[in-house]
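Please examine the sequence and the structure shown below before reading on. The paragraphs after it are intended as a guided explanation for a reader meeting this structure for the first time.

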Amino acid sequence: MKKAKGVTRSRADKAFDVMDYVLLTIAFLVVAYPLYFVLIASVSDPIAVYEGRVILYPIKPTLEGYSRIFSYESLFTGYKNTLIYTLVGTAINLVLTITAGYALSRKDLVGRNVMMMGVMITMIFSGGMIPNYLLVRSLKLYNTMWALILPGAVSTWNLIVTRTFFQQTIPDELQEAAELDGCGDTAFFLRVVLPLSSSIIAVMVLFYAVSHWNSYYNALLYLSSSSKYPLQLVLRNILIVNTLDDMVNDVATQAAQQRMGDLIKYGMIIVSSLPLLILYPFLQKYFVHGVMIGAIKG
Amino acid sequence: MTTAAIKRRRRKYRLKMVKRHWQLYLFLLPTIAYFLIFRFYPMYGLQLAFKAYRAVDGITGSKWVGLDNFRRFFAAADFENLMLNTLNVSIVTLIFTFPLPIILALLLNQLPSLKYKKVVQTTVYAPHFISTVVMVGMIFLFTSPTSGLINKLIEALGGKAIHFTALPGWFVPLYVVSEVWQSTGWGSILYLAALAGVSTELHEAALVDGANKFQRVWHIDIPGIMPTIVIMMILNAGKIMNVGFEKAYLMQTSLNIDASEIVSTYVYKRGVLKSQISLSTAVGLFESVINMILVVSVNWISRRVSDSSLF
């Protein structure tokens, strides 16, 4: 009797496991294949891609797409601009988020509830696109780097995540003891809190840096000169608006130009996304950590 | 002690605390300034929705016109289409992108091989790091009627190539499928965290009682992460009218515009490109208010029916 029960149980469990493996393998393939295809299409003969013969591996490998991409100057300008915006932007984000997040985590901060209320309001209501646009114009930030950095200087969500982190990791007693020893808030923050918060700093650097790297919205709204365009706007012009002229106008026929254009586009995707996709698996635990802190109700 | 005396004492204590911790306020200063300037001042700018904006008069000096801007928007020929498109995109997106991360997390959580679990996780999270521009670029490349992978597959199966990005009917499916592809993996992290907190004792007890994996997932795992599901539901409800501008705008072509023009792209075109400041502010305000009502009411409902709520 007992044995029979065990058998049925393991049979149902086995069925579950088989289904589990099958479904997750499908999920794996559905996500991985398009990425893999972009990679092999970017180094294959454009005609083979055009004819649909590139499926599992590159055909007649060529680096022509990449050589055209790397002789395209706007891409380098875009890359350089994005690097600067990401570095400066993330530095400002980090300083503001960590200091404010720490102060707001302190239970003995008078006015904390009012300030948290203000922060929460911005999560459910905002002025929206046009009032922000007018503000950026009237502050004379239009068409400057600061228009990409200041309007998003603090992300509400990241601020709350940081505050939650401090509430959980810095015990009140520690701060009280330091206070009794005559240690001021700044000294305590620099000498005790910061050394304990390397993980939240890593999480915030990654969250902010990725969003700077990938953003095009502020640049679309607030930049007018193309020499200031970040990588994503340069990419938009190539991938979506389809302005390829300079890169393909030496190719004879229109059909060949289109094929070359596709090759360049596949390569562009790789060139712009690969840094993040390669770095991310090594930093995965920080990203996941950040999402998990956010999951705990602050 | 009288209440007045208590109040006086409390005020004195608070003042003392402010004095003692003045440095903390210095910490907060830049962030408070940021919130006042870049988050709250634009809310003050929302009054333009009720004004006729003239650049020379500025926000405060422009003339009040009551609800004229709203009337103009509601009477506009594209109003109905705009609302339907926005609701259509967001509701279909929600229906598909909400349950899938939960299912993925349940499957990952029960996977016997930890190594394989890690491989799948690392892969399915990856698309989260692809920018919207690249995502839309991939959509255009894959659906190209002449060279796209998807059309090659259709042709190989004996069908005829479809010009997906030129057909209004395909806008929402493309939007949703790409959204699912990009966000399902990342969305599962939260639920995996919640599942890690489900009591192992419950699972052990269920094992003793002879429950199989299906039963344990259904009766233990899912109820265990219900609070997380409810919170995510509230957060998502607030986005129903707030379809991301970024992707929809990039996916627009002159041919699919009938289905792809949504509130936020309309605001951008009217406000930024055509400088119809007051009208577009009114449209934006209309959108924000509906969103706010949605979040607050879903939050209220979930607090009544379950114990979980966001605020």
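The following paragraphs describe the confidence of the model, then each chain, then the contact between the chains, and finally several individual elements and residues.

The structure is a predicted model. For the complex, the predictor reports an ipTM of 0.90 and a pTM of 0.90. In chain B the average pLDDT is 90, and 97% of the residues score at least 70.

Chain A may be considered first. Its secondary structure consists of 15 helices and 0 strands. The radius of gyration of chain A is 26 Å, whereas a compact globule of 298 residues would have a value near 19 Å. Along the principal axes, the C-alpha trace of chain A spans about 80 × 80 × 35 Å. Of the 298 residues in chain A, 39% are buried. Among the contacts in chain A with a separation of 6 or more, 72% are made by residues 24 or more positions apart.

How is chain A divided into domains? Domain 1 of chain A is formed by two segments, 2-70 and 244-295, and domain 2 of chain A covers 73-228. The C-alpha centres of these two domains of chain A lie 32 Å apart. Where the domains meet, 9 residues of domain 1 of chain A are in contact with 12 residues of domain 2 of chain A. On the domain 1 side of this meeting, helix 15 (residues 254-295) of chain A gives the most, with 8 residues. By class, the residues on that side of domain 1 of chain A are 6 nonpolar, 3 polar and no charged.

Chain B has 17 helices and 2 strands. Its radius of gyration is 26 Å, well over the 19 Å that the globule rule gives for 311 residues, so chain B is more spread out than a compact globule. The C-alpha atoms of chain B fill a box of roughly 70 × 60 × 35 Å along the principal axes. Buried residues account for 39% of the 311 residues of chain B. Of the contacts in chain B between residues at least 6 apart in sequence, 68% join residues at least 24 apart.

The two chains touch one another: 76 residues of chain B are in contact with 77 residues of chain A. On the side of chain B that touches chain A, the largest share comes from helix 2 (residues 22-45) of chain B, with 14 residues. That side of chain B comprises 50 nonpolar, 21 polar and 5 charged residues.

In helix 8 (residues 132-142) of chain B, 11 of the 11 residues are buried; among them are Thr132(B), Gly137(B) and Phe142(B). In helix 12 (residues 213-224) of chain B, the residues Lys213(B), Arg216(B) and Asp221(B) are buried. Why do they lie on the same side of helix 12 of chain B? They cover an arc of only 65° around the axis, which puts them on the same side of that helix.

A further buried residue is found in a strand. Lys51(B) lies in strand 1 (residues 51-52) of chain B. Lys51(B) counts as buried because 22 other C-beta atoms lie within 10 Å, and the cut-off for burial is 20 or more. Leaving aside its neighbours within four places in sequence, Lys51(B) is in contact with Ser62(B), Lys63(B), Trp64(B), Val65(B) and Ser278(B). Lys51(B) and Asp68(B) are 17 residues apart in sequence, and their C-alpha atoms are 8.3 Å apart in space.

Two loop residues complete the account. Asn143(A) has a positive phi of about 60° although it is not a glycine. This residue, Asn143(A), is placed in the loop between helix 6 (129-138) and helix 7 (146-149) of chain A. With 14 other C-beta atoms within 10 Å, Asn143(A) is partly exposed. In chain B, Ser275(B) is a residue other than glycine with a positive phi, near 55°. Ser275(B) lies in the loop between helix 16 (263-273) and helix 17 (277-305) of chain B. Is Ser275(B) buried or exposed? Ser275(B) is exposed, with 10 other C-beta atoms within 10 Å.

Methods. Residues are numbered from 1 along each chain as its sequence is written. Chains are lettered from A and ligands numbered from 1 in the order in which they are written. This is a predicted model: local features need pLDDT of at least 70, side-chain atom pairs count only at pLDDT 80 or more; totals for chains, interfaces and linings use all residues. Helices (H or I, at least four residues) and strands (E, at least two) are DSSP runs, numbered from the N terminus. The radius of gyration is taken over C-alpha atoms; the globule rule is 2.2 Å times the number of residues to the power 0.38. A residue is buried if 20 or more other C-beta atoms lie within 10 Å of its own, exposed if 12 or fewer, and partly exposed in between; C-beta atoms are placed from the backbone. Two residues are in contact if their C-beta atoms, placed from the backbone, lie within 7 Å. Ala, Val, Leu, Ile, Met, Phe, Trp, Tyr, Cys and Pro count as nonpolar, Asp, Glu, Lys and Arg as charged, and the others, Gly among them, as polar. Domain bounds come from an automatic or database domain assignment. pLDDT is the predictor's confidence in each residue, from 0 to 100. The arc is that of the directions from the helix axis to the C-beta atoms.
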